[in-house]
Amino acid sequence: MTLPQHRTEGAFVGVRAFVGLSALATRLALGLGNVARADALHDQLPHLIDTAKSAADALASKITALSGWQSRTWTILTSGFAEPVHAAYQSLLAESGLAMVSWFDVGDYTHGNYHAAVGASARAMILVLTDATTKTAGMLIERRLGPYVPVFNLSLGETPEETIWSHVLSAVFLTKVLARTAGVSLRHPHRPTAARTWKRWDLK
């Protein structure tokens, strides 16, 4: 598997790397001998794409309805999600200049974190990413914290491979919709000149 080289000087938001990473993670998760499940996933991709796009559109409408949504810090909670999902949300939202994202496993998000989120409710939002097996936990967090801080629960996927692809695709579509609403170009998002590349920074 090969991916195009990352352009160090060009300001852009890349998607292909996450697609490639998701494909690799899926292949490793399924194993070389599980051809039937790989073929089934391939056949499901059009449906997963449509589902992820619809979910991302609905989520974007809720996010952009928040006051000051562009200045809010995102806390994303998951339960044992694969790395491609983390990388997709963090990198896409950061590269587009839309949001700073903090990640926690649901089990590690302690009472202190809850209190901090509630105290900063005007500048924060929580997104809970779940699948069929963890959807109940997401609904519980939304019900308990929702009255105090904006909480959104996005549940996608029945199997591990469906979960990876559904949430990676939703990250792509969500970034696109939020960028369009904010007037941000994903091909050339605004970046301060000093931050365009770290290669010439003297970090010694």
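This is a predicted model: local features need pLDDT of at least 70, side-chain atom pairs count only at pLDDT 80 or more; totals for chains, interfaces and linings use all residues.
Trainee: How many helices and strands does the protein have?
Mentor: There are 6 helices and 4 strands. Going along the sequence, they come in the pattern α-α-β-α-β-α-β-α-β-α.

Trainee: And what share of the residues is buried?
Mentor: Of the 204 residues, 41% count as buried. The protein exposes about 11,700 Å², and carbon and sulfur atoms supply 57% of that.

Trainee: How far apart are D57 and K53 in helix α2?
Mentor: They sit 4 residues apart in α2, which covers residues 35-64, so about one helical turn separates them.

Trainee: How accessible are those two, then?
Mentor: D57 has 29% relative accessibility, so it counts as partly exposed. K53 is at 40%, so K53 counts as partly exposed too.

Trainee: OK, on to α3. What span should its 13 residues have?
Mentor: At 1.5 Å a residue, helix α3 (residues 83-95) should span 18 Å. Its end C-alpha atoms are 18 Å apart, so the two agree.

Trainee: Which residues of α3 are buried?
Mentor: P84, V85, H86, A87, A88, Y89, L92 and L93.

Trainee: Last one: what percentage of the contacts with a separation of 6 or more comes from residues 24 or more positions apart?
Mentor: Those account for 77% of them.

Definitions and conventions: Residues are numbered from 1 along each chain as its sequence is written. Side-chain values use heavy atoms; hydrogens and water are left out. Helices (H or I, at least four residues) and strands (E, at least two) are DSSP runs, numbered from the N terminus. Buried means under 20% relative accessible area, exposed over 50%, partly exposed in between (1.4 Å probe, protein chains only). The expected span of a helix is 1.5 Å times one less than its number of residues. Contact means heavy atoms within 4.5 Å. Accessible areas come from the Shrake-Rupley method with a 1.4 Å probe; for residues, only the protein chains shown count as cover.
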